[in-house]
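The following paragraphs lead a new reader through a structure with more than one part. Please keep the sequence and the three-dimensional view at hand while reading.

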Amino acid sequence: MTDRDAYPGDDGPVGIRFDRVSHGFDDQPVLTDVTLDLTERRIGIVGANGSGKSTLARMINGLVTPRDGTVTVNGLDVKRQAKLVRRQVGFIFTNPDNQIVMPTVQEDVAFTLRRRGLSADEIAERTSATLARFGLSELAERPAHRLSGGQKQLLALAAVLVAEPRIVVADEPTTLLDARNTRLITDLLVSLPQQVIVVTHDLDVLDDFDRVIVIDQGRVVADAVPALALASYRALLA
Amino acid sequence: MIGLYRPGTSLVHRAPTLLKLGLLAVIMVLIGLVADPAVLGGVLVAVVLLFLLAGIPPTAAWPQIGPVLWILAFAVPVQLLVAGFSAEGWVTAGLMVGRLVAAVVLAALFTLTTTVTAVLEAFQVLLNPFRRWLDPDRVGLLVALTIRCIPLVAEIVREVLDARKARGAQASVVALAVPVVVRSLYAADAIGEALAARGLDD
């Protein structure tokens, strides 16, 4: 279960809460009356394409705000306090190319620390430590767009974690990667001290997770430990 | 700017970005005013020496000079034609070539020895007096994104060209333009979302 003491910067109320959340695009419902309390360290979200799982994940970062109901992250309402929420929630996208802003690896990691009131020395120190942590030091001066797919996703992860968020949400972070890089990224995500929520189609990576939520047509249809939830999901797909 | 930077610790690398930008601007103006081929030759030698001082072979500027040669291939004959292939026309054409090459190579040296972050910071310092009307941070972000989008759009174009070829529609402009525009817009949307996720949406 949750080891809250290990969260960086943990000094307030904890937990992600979806309270009777419904959402849709135009007339198409995407999520319907979802109520969840997410407190476990490792949570997986699975579901077919278009099931609403990515929308659910995006709500944790405030990228999508619910049409009805409320989503709170550590006591903060994502609709009214999106900026504060984003300081606590790091988000990893499927395609790292869309996440990389600066031309070189080092500059992109440092870019996250802009507007955080840190001195140039502090930014350089934290950037350097993060690059070393992810084995990216040797690539620091390399153009980010020339990295391999795995290296780009590693950079995206480093660029998020340099800000030391309390929660990391990853939306299909391994979809574009080969088996080796999938394992690398998954192992890294699982080893993080933060609460990690992963949306994925790769069911094997969820074996060591604490909880798996299955979404189907905008509703939570299974919510249990991986073995039970994944069995339910496989039955749904059959 | 996109991946051209060459790390180093030379005097040229370490010089303050604003000083480099200022000198670049002044020298560019002076190059434009030089009317003596010998002086211009001296400037070109000085530029080569600056490259050596930076520990960068002058050939590193070649990717920037290449496209300029196409312009010169058109401009020099026009210049000679206008001047009726006179001795004066040859001198003028030579000065034009020297000015353009010196300016481009000097700009390349700046790019090769200065990180984008340093350029952004310099821009922010320059724009600080106008903070009341312009957010320097926002302008810096705009410049960074513009630079970042060049390889991104180039990659989209390359993929669309491949797809067009695979579908046997090489001659179709529509088959190139429509997917490039649509995918670029989707990419812009995704980058905007990623910026918001990184807390840079205000």
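How many residues does the contact take from chain B, and how many from chain A? It takes 25 residues from chain B and 23 residues from chain A, two residues being in contact if their C-beta atoms, placed from the backbone, lie within 7 Å. On the side of chain B that touches chain A, the elements giving two or more residues are helix 6 (116–127), helix 7 (136–166) and helix 8 (174–197) of chain B. Helices (H or I, at least four residues) and strands (E, at least two) are DSSP runs, numbered from the N terminus. By class, this side of chain B has 16 nonpolar, four polar and five charged residues. Ala, Val, Leu, Ile, Met, Phe, Trp, Tyr, Cys and Pro count as nonpolar, Asp, Glu, Lys and Arg as charged, and the others, Gly among them, as polar.

The model is predicted: local features need pLDDT of at least 70 and side-chain atom pairs count only at pLDDT 80 or more, while totals for chains, interfaces and linings use all residues. Residues are numbered from 1 along each chain as its sequence is written, and chains are lettered from A and ligands numbered from 1 in the order in which they are written.

Chain A may be considered next. Its secondary structure comes to seven helices and ten strands. The radius of gyration of chain A is 18 Å, close to the 18 Å that the globule rule gives for 238 residues, so chain A is as compact as a globular protein of that length. That radius is taken over C-alpha atoms, and the globule rule is 2.2 Å times the number of residues to the power 0.38. Along the principal axes, the C-alpha trace of chain A spans about 50 × 40 × 40 Å. Of the 238 residues in chain A, 48% are buried. A residue is buried if 20 or more other C-beta atoms lie within 10 Å of its own, exposed if 12 or fewer, and partly exposed in between, with C-beta atoms placed from the backbone.

The arc is that of the directions from the helix axis to the C-beta atoms.

Glu164(A) lies in the loop between helix 5 and strand 7 of chain A, and Glu172(A) lies in the loop between strand 7 and helix 6 of chain A. Although Glu164(A) is not a glycine, it has a positive phi of about 50 degrees; Glu172(A), not a glycine either, has a positive phi of about 45 degrees.

The secondary structure of chain B comes to eight helices and zero strands. Chain B has a radius of gyration of 21 Å, whereas a compact globule of 202 residues would have one near 17 Å. Buried residues make up 18% of chain B. The domain assignment of chain B, which is automatic or from a database, gives domain 1 (11–114) and domain 2 (130–197). The centres of these two domains, taken over C-alpha atoms, are separated by 31 Å.

Which residues of helix 3 of chain B are buried? They are Val47(B), Phe51(B) and Ala54(B). Seen down the axis of helix 3 of chain B, they fall within an arc of 70 degrees, so they line one face of the helix. These buried residues pack against helix 1 (11–14) and helix 5 (87–113) of chain B. Within helix 1 of chain B lies His13(B), which is buried, with 20 other C-beta atoms within 10 Å. Not counting residues up to four places away in sequence, His13(B) touches Gly8(B), Ala54(B) and Thr113(B).
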